[in-house]
Amino acid sequence: QVQLVESGGGLVQAGGSLRLSCAASGSIFRANIMGWYRQAPGKQRELVATITHGGSTNYVDPVKGRFTISRDNVKNTVYLQMNSLKPEDTAVYYCNLDQGGSYYRLLSYWGQGTQVTVSS
C-alpha cells in the first residue's frame with residue numbers, strides 16, 4: 001500500500017506563486033512515476049505534469065514555462081512549483097504515483113487533493 005499526502009494549496013492572487021508538496025509512504029519501488037493532476041469545477045481531471053525516477057519531466061501546454069515539477073527520491077516527495085498563476089489554474093490538485101505491481105501490472109495511487117484558488 002502507498003499513501004500520498006499533499007500540502008501547500010491555498011488562495012493566491014493572479015501572478016503569485018505556490019509550491020505544492022506530496023509525500024509518499026508505504027511500499028514504494030524505485031522505478032516509479034510521480035505527477036500532478038488537477039480538476040476544475042465542472043471539468044474532468046486532467047494531467048498537469050509528471051516526473052520519472054530519473055528526472056524526466058512532462059508538462060501540458062497551459063503550464064509550460066510557469067510550473068516546475070521536481071522530486072526528492074530520498075524523501076519520496078514530489079513538488080510542483082507554480083509561478084505566474086492565473087485564475088484558470090484554480091482547481092483541486094491531486095498527487096499521483098504510478099509503479100509496477102505483481103506480474104508487471106501498473107498500480108496507481110492518489111492523494112486526497114489540495115485546493116488551489118487564484119483570484120483575479
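Select Ile69 first: beyond the residues up to four places away in sequence, Ile69 touches Met34, Gly35, Trp36, Ala49, Thr50, Ile51, Thr57, Tyr59, Val78, Tyr79 and Leu80, contact meaning heavy atoms within 4.5 Å. The model is predicted, so local features need pLDDT of at least 70 and side-chain atom pairs count only at pLDDT 80 or more, while totals for chains, interfaces and linings use all residues. Residues are numbered from 1 along each chain as its sequence is written, and side-chain values use heavy atoms, with hydrogens and water left out.

Ile69 belongs to strand 7 (residues 67-72); strands are DSSP runs of E, at least two residues, numbered from the N terminus. Ile69 counts as buried because its relative accessibility is 3% (buried: under 20% relative accessible area; exposed: over 50%; partly exposed: in between; 1.4 Å probe, protein chains only).

Next, select Tyr37 and Trp110. A search of the whole structure finds one aromatic pair: the ring centres of Tyr37 and Trp110 are 4.9 Å apart and the planes stand at 65°, so the pair is edge-to-face. Rings of Phe, Tyr and Trp (its six-membered ring) pair if their centres lie within 6.5 Å; planes under 30 degrees apart are stacked, over 60 edge-to-face, and the rest tilted. Trp110 is partly exposed, at 37% relative accessible area.

Note on methods. Helix = DSSP H or I, 4+ residues; strand = E, 2+ residues; numbered from the N terminus.
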